Amino acid sequence: MKYYVTTAIDYVNAQPHLGHAYEKVLADVLARQARLTYGPVNVRFQGGTDEHGVKNYRAAREAGQEPGPFTAANSERFLALRESLGVSWDDFIKTTDQKRHWPAAQELWRRLEQNGDLEKRTYQGYYCVGCESFKTEKEIENGHCIFHPTRELELLEEENWFFRLSKYQGWLQDHFRENPDFVQPAFRAREILNVIEGGLEDVSFSRAKEKLPWGVPVPGDDSQVMYVWCDALTNYISAVGFPDEEKLAEWWRPEAAVTHVIGKDIVRFHAALWPAMLRSAGLPLPDHVFVHGFINLGGEKLSKSAGLSLDPFDLAGTYGADALRYFLLSQIGVGQDGEFSVERFEAVYAADLANNLGNLVQRVATLAERGGLSGREAKEPSLEPELVLERKDFRAALQSIWQVFDATNTKIELEKPWELKDSDPERYERVLGECADSILVGAASLRPFLPETAERIEAVFTAPKVAAPSEPLFPRLDR
Ligand code: ME8
């Protein structure tokens, strides 16, 4: 079984915020769980940055820089999430990569053209730079794009290449009916199917080079560069070798499981445009598009354009990467939006991490050390991988893992091993061994979610002699 999971490739017009970090952590859990379930060689976890388009180009200009160095520097910040939050990408592709990415984007273009799906037209419409797309009437509210109410829409008139998306409407509807879990969760599938049934318009697929010189050149037309979404979506196959079909087939073929993890604002591109492009080019489709909600702050979506941001590097630096991962994974239901506040984060940190898990590990390890307990064997996880890989219900998964820790805490309270050390040393050892074992079961299940914590706990209880960690797993917050 081959498992290929991708994150959206982020625009690099500004620094990463907590919303980006959230998405990468969700996909990381899938990748880590898949490595445990299918074996690391059968899993590929792909990330990258989306560096073309008007938004990036203007941000560079506004910073007084050339787009190349500007996007390259910001791309590094996105890649840095790998270290700061333990996002275990196997590979990271940049759309400015002329060797790996451009030939793929251009070959895909040629195939769409050969299939009669690209044609040049003059078009006038309202463009949202935030979304990097033209907006239909239905997507405009009070004169603004629903996703970017702080940006002005721009009226553009240009001669561009168009992709005949409308041609694929019927086929897409059938695909949704035949593959009810193509888009997950189900409420998002229904939503996007409604949009498709409401009618799909053809998509402007290029921009005049004289207005936007920053993009992949359109094959055979020097006056145009590719539309940023056409270029960006291709990353999912350029990264795995397209146009080399043999290389591509290792990860991108009907029998492999391919999952795109994306946010709710870009479903249309992934669930309508991308499948249609692949169909036109005669390539297989991904299996799942898993759609997450937004991280909000005080009810507002975190966004680069609205200037509302929370620095994931600061948060991970202050509280620890695993603490931040825990909050993001345990507090938000599948596909739902999540509200972030430092107060809530600290309350969850104190209750679940410092007091519950951290205390339990410290207590059991201290008592075990006192009794000279030998290390135990590492355990198999009790968590069903299906809950993670299929249902993607990370909150439910963590709740079930915490039940193991809660039960161990209760056992300690009931058995009071500290009263047994001298009176009944045999029972003392047995109780502590059982507690250590159930902590090890919990830690094994925790590996995809809190990798560093799981490793630390497993190191404590599998060492030749159990010894209490010199530093608590989750230090108390002095406030
Ligand atoms: O859309 N909460 O890039 P992007 C949760 N380049 N997720 C959020 C979020 C928030 N507050 N804000 C953004 C793009 N995201 C394109 C993708 S893929 C071929 C091209 C998510 O930097 C957003 O939904 O605007 C998307 O999945 C990802 O972050 C990148 O957003």
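The following legends describe close-up views of a predicted model.

The model is predicted, so local features need pLDDT of at least 70 and side-chain atom pairs count only at pLDDT 80 or more, while totals for chains, interfaces and linings use all residues. Residues are numbered from 1 along each chain as its sequence is written, and side-chain values use heavy atoms, with hydrogens and water left out.

View 1. The side chain of D265 has an N or O atom 2.6 Å from an oxygen atom of the ligand. Taken alone, the ligand exposes 660 Å², of which the protein buries 97%; accessible areas come from the Shrake-Rupley method with a 1.4 Å probe, and for residues only the protein chains shown count as cover.

View 2. Helices (H or I, at least four residues) and strands (E, at least two) are DSSP runs, numbered from the N terminus.

View 3. In helix α12 (residues 312–319), P312, F313, L315, A316 and Y319 are buried. These residues cover an arc of only 165° around the axis, which puts them on the same side of α12; the arc is that of the directions from the helix axis to the C-beta atoms. Buried means under 20% relative accessible area, exposed over 50%, and partly exposed in between (1.4 Å probe, protein chains only). The exposed residues G317 and T318 are carried on the face turned away from the buried side of α12. The cover over the buried residues of α12 includes α1 (18–38), α3 (67–79), α4 (81–85), α13 (321–330) and α14 (342–370), where contact means heavy atoms within 4.5 Å.

**View 4. The ends of helix α12.** D311 caps the N-terminal end of α12, with a side-chain oxygen 2.8 Å from the backbone nitrogen of F313. A polar contact is a pair of N or O atoms within 3.5 Å; within protein, one must be able to donate a hydrogen and the other to accept it, and residues adjacent in sequence count only if both atoms are side-chain atoms. After α12 comes G320, whose phi is positive, near 100°.

View 5. Helix α6 (residues 169–178) has Q169, L172, Q173, H175 and F176 as its buried residues. Seen down the axis of α6, the buried residues fall within an arc of 160°, so they line one face of the helix. Among the elements covering them are β10 (183–184), α7 (186–197) and α11 (267–281). P185 lies in the loop between β10 and α7, and a cis peptide bond with omega of about -10° joins Q184 to P185.

View 6. The peptide bond from F242 to P243 is cis, with omega near 10°; P243 lies in the loop between α9 and α10 (245–251). E132, although not a glycine, has a positive phi of about 55°. E132 is located in the loop between β5 (118–128) and β6 (133–135) and counts as buried at 0% relative accessibility. N142, also not a glycine, has a positive phi of about 50°. N142 is located in the loop between β7 (140–141) and β8 (144–145) and is exposed, with a relative accessible area of 77%.

View 7. F461 belongs to helix α18 (residues 451–462) and is buried, with a relative accessible area of 0%. Not counting residues up to four places away in sequence, F461 touches V361, V364, A365, G375, R376, A436, I439, L440 and V466. The C-alpha atoms of F461 and D437 are separated by 8.3 Å, and the two residues are 24 apart along the chain.
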